[in-house]
Amino acid sequence: MPFPQSLPEFQRLFPDDLACMNYLSAIRWPDGFECGKCGAVAEPYRYSQRPGILRCSKCRRDSSITSGTAMERTRVPLSVWFWAAYLLTSQTPGMSAVQFQRQLGLKRYETAFQILHKLRAGMVRSNQDKIGGNSDDHVEVDEVFMGGKTRGKGSGNHNQVIVAGAVEVKWRKGDSKLNKRKSGRVAGRVRLSVVPDRSANSLCGFVKAAVKPSSLVVTDGWYAYRGIGMMGYQPVAIPANGDVEITEEHLPMIHLVFSNLKSWLLGIHHGVSNQHLQAYLNEFTFRFNRRFYPFSAFRSLLGIASGATSPTYEGLYSGEWQHPGLLIPK
Ligand SMILES: [Zn+2]
């Protein structure tokens, strides 16, 4: 399926609702319309006044093109949904509901909020399955203090939340040596979670939930990570004793992720309340993990199930990593 690489292309591909419907039905039924009731694969009848409905030519049951997707039973034109999903998946670094409302030209804030909410529901799943498990690579794990909006409490850390993060790290062959900080390392998928504290329970629990067993896991020397060797991981603890250079050398990728996450939260959402932080972590994770796959992201957001395969770990490194990543600075 063609997917727009630019705004003019988007306008060419999706000029109106009918174009969106045809695109949607081509994704859902790549081998031709299949009736959900009788299973017949045959060219359906179409109504000129209801282009979103396809009628089975055998059993005459009506099927909605949007059923089972984020757009099911919507009154908002499909072109608005497509535009919304495209905005969320393209290079724009995320949006508030107000920005969204303006961009989509919607009269009501509530409509923008609902669309955004439904599309974001498609982002949660990406934070579920475990990363790592590739014997050539390793996973960096660390934790960071986030947030802590303080008002009238003086300086210092108040109301801060701890976020644990894990990122796959692949070594790139034939590095240009232009970027010393990353020195030949490429980030794969990421997992982020709010944790209650920096205890062994919390951090080992995070590693267990986020990383496949047997993975090589690099952490700093914090005692709470000592247990992961007993849990089936190959642990590499770097005793940095607060030395920034040592940590930078051994955990550059997860620190890059954390610093991108912080700028994203500050710049786009002007800080986020602790209560909603995990939802934003999910969105960050979704965007990060699909930064080379806008079409996959687009489909996930619209909730379009199709036979198409999602990006694989291997696929991430098959030469496509050179594309500008959404959140990795040049
Ligand atoms: Zn049928």
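# Close-up views of a predicted model

**View 1. Helix H4 meets helix H5.** The axes of H4 and H5 (residues 109–121) come within 9 Å of each other and cross at roughly 110°. That angle makes H4 roughly perpendicular to H5, a label used for angles of 65 to 115 degrees, with under 35 degrees counting as roughly parallel, over 145 as roughly antiparallel and the rest as oblique. The axes are lines fitted to C-alpha atoms, for helices over the stretch in contact, and the angles run from 0 to 180 degrees between N-to-C directions. On the H4 side, the contact is made by Ala97, Val98, Phe100 and Gln101, while H5 brings in Tyr109, Ala112, Phe113, Ile115, Leu116 and Leu119. Contact here means heavy atoms within 4.5 Å. Sort the residues of this contact and you get nine nonpolar, one polar and no charged. Nonpolar covers Ala, Val, Leu, Ile, Met, Phe, Trp, Tyr, Cys and Pro, charged covers Asp, Glu, Lys and Arg, and the others, Gly among them, are polar.

A quick word on what you are looking at. This is a predicted model, with residues numbered from 1 along each chain as its sequence is written. Local features need pLDDT of at least 70 and side-chain atom pairs count only at pLDDT 80 or more, while totals for chains, interfaces and linings use all residues; side-chain values use heavy atoms, with hydrogens and water left out. Helices (H or I, at least four residues) and strands (E, at least two) are DSSP runs, numbered from the N terminus.

**View 2. Helix H3 crosses helix H4.** Here the axes of H3 and H4 (residues 97–104) come within 11 Å and cross at roughly 130°. That makes H3 oblique to H4. From H3, look for Val80, Trp83, Ala84, Leu87 and Leu88; from H4, the contact residues are Phe100, Gln103 and Leu104. The tally for this contact is seven nonpolar, one polar and no charged.

**View 3. Pro77 sits in a loop.** Pro77 is found between strand E3 (62–64) and helix H3 (78–89). The cut-offs are under 20% relative accessible area for buried and over 50% for exposed, with partly exposed in between (1.4 Å probe, protein chains only). Pro77 and Cys20 are 57 residues apart in sequence, and their C-alpha atoms are 9.5 Å apart in space.

**View 4. Three strands make an open sheet.** The order is E1-E2-E3, and the pairing is antiparallel. Two strands count as paired if DSSP finds at least two bridges between them. Strand E1 (45–46) and E3 are the edge strands, each pairing on one side only. Between E1 and E2 (residues 53–55) there are two bridges.

**View 5. Five strands make another open sheet.** This one has the order E6-E5-E4-E7-E8, with mixed pairing. E6 and strand E8 (234–238) stand at the edges with a single partner strand each, so one side of each has no neighbour in the sheet. From one strand to the next, the twist averages 25°. E4 (residues 138–147) and E5 pair antiparallel over ten bridges, and Asp142 has Gly165 in E5 as its bridge partner. E5 (residues 160–171) also pairs antiparallel with E6, over nine bridges; there, Ala166 stands opposite Arg191 and Ile162 is partnered with Val195. E7 (residues 216–220) and E8, however, pair in the parallel sense over five bridges, with Thr219 opposite Ala237.

View 6. Helix H6 (residues 200–210) lies across E4, E5 and E6, running at about 125° to E6. H9 packs on the sheet too, touching E4, E5 and E6, and its direction makes about 165° with that of E6. Nine of the eleven residues of E6 (residues 185–195) are buried, so E6 is largely enclosed by the rest of the structure. E5 is mostly covered as well, with nine of its twelve residues buried.

**View 7. Arg291 sits in another loop.** Arg291 lies between helix H9 (277–289) and helix H10 (294–302). With 10% relative accessibility, Arg291 counts as buried. Arg291 and Thr89 are 202 residues apart in sequence, yet 8.3 Å apart in space, C-alpha to C-alpha.
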